[in-house]
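Please open the structure in the viewer and keep the sequence at hand.

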Amino acid sequence: MGKLIIFSAPSGAGKTTIVRHLLSKYADKLAFSISATTRERRGAEVDGSDYYFISKEEFLHKVAKHEFIEFEEVYSGTFYGTLKSEVERIWAEGKHVIFDIDVVGGLRLKSKFPEEALAIFVNPPSLDVLKERLRGRGTDSEEKLKERFAKAEHELSYADKFDVVLDNFDLETAKADAEKLVLDFIK
């Protein structure tokens with residue numbers, strides 16, 4: 001059985017950028033856990049690569065059949081989850097699983113795999129910087145942004161529940177720190 005490396009943070013903290021960096025540098029050791037979601041695709045997202053985009057009905061059917069390790073209704077009517085089959089697929093390849101996942105989902109994974117998982121909270125420079133990044137994406141309505149901002153404020157309070165808090169005040173430093181954390185954990 002491989003290990004699980006969990007990167008969690010509020011939207012806009014930089015976790016996706018850090019995870020992509022690690023995947024490109026350590027493709028022989030790490031593979032990305034693709035989450036299932038009921039939300040609509042954004043921009044150039046690809047089904048089966050960025051997410052498994054499924055209907056709410058299909059998602060709830062999979063919940064009823066216990067096909068998820070963890071799942072959550074992250075925003076009203078929008079579900080995200082980690083399929084058991086996804087983790088099993090990566091372990092069968094002889095790799096460690098890396099997650100880019102919301103804070104609650106990250107803590108759920110850690111609780112189910114206390115010894116096999118490293119839970120890393122990516123800490124943004126400030127809530128104001130986070131808000132600027134989310135606005136800069138141009139993907140959400142003002143109403144959706146307000147929902148994301150409120151969620152981000154709440155999620156920041158969970159940082160101390162993670163194994164490690166990785167400060168992302170400077171991206172290159174954060175990437176180097178993430179490399180060290182991950183390599184130390186999987187050796």
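Predicted model: local features only at pLDDT ≥ 70, side-chain atom pairs only at ≥ 80, totals over all residues.

Within helix 6, next select Leu145, Arg148, Phe149, Lys151, Ala152 and Glu155, which are buried. Their cover includes strand 5 (68–75), helix 4 (103–112), strand 8 (117–123) and helix 5 (127–137).

Five strands form an open sheet in the order 2-7-1-8-9, with parallel pairing. Its edges are strand 2 (30–32) and strand 9 (164–167), each of which pairs on one side only. From one strand to the next, the twist averages 25°. Helix 3 (residues 84–92) packs on this sheet and touches strand 1, strand 2 and strand 7 (96–101). The direction of helix 3 makes about 145° with that of strand 7.

Select strands 1 and 8 together: they run parallel and are joined by five bridges. Isoleucine 5 has leucine 118 of strand 8 as its bridge partner.

The largest nonpolar core has 22 residues, and Ile5, Phe7, Ile18, Leu22, Leu30 and Ile98 have the most contacts inside it. Strand 1 (4–8), helix 1 (15–25), strand 8 and helix 7 (171–186) each give two or more residues to this core. Helix 7 gives the most, with five residues. A second, separate core of 19 residues includes Ala31, Phe99, Ile101 and Ala117.

Conventions
Residues numbered from 1 in each chain as written. Heavy atoms only, no water. Buried < 20%, exposed > 50% of the residue type's maximum accessible area, 1.4 Å probe, protein only. Helix = DSSP H or I, 4+ residues; strand = E, 2+ residues; numbered from the N terminus. Contact = heavy atoms within 4.5 Å. Core = buried A, V, L, I, M, F, W, Y, C linked by side-chain atoms within 4.5 Å. Pairing = 2+ DSSP bridges. Axes fitted to C-alpha atoms, helices over the stretch in contact; angles between N-to-C directions.
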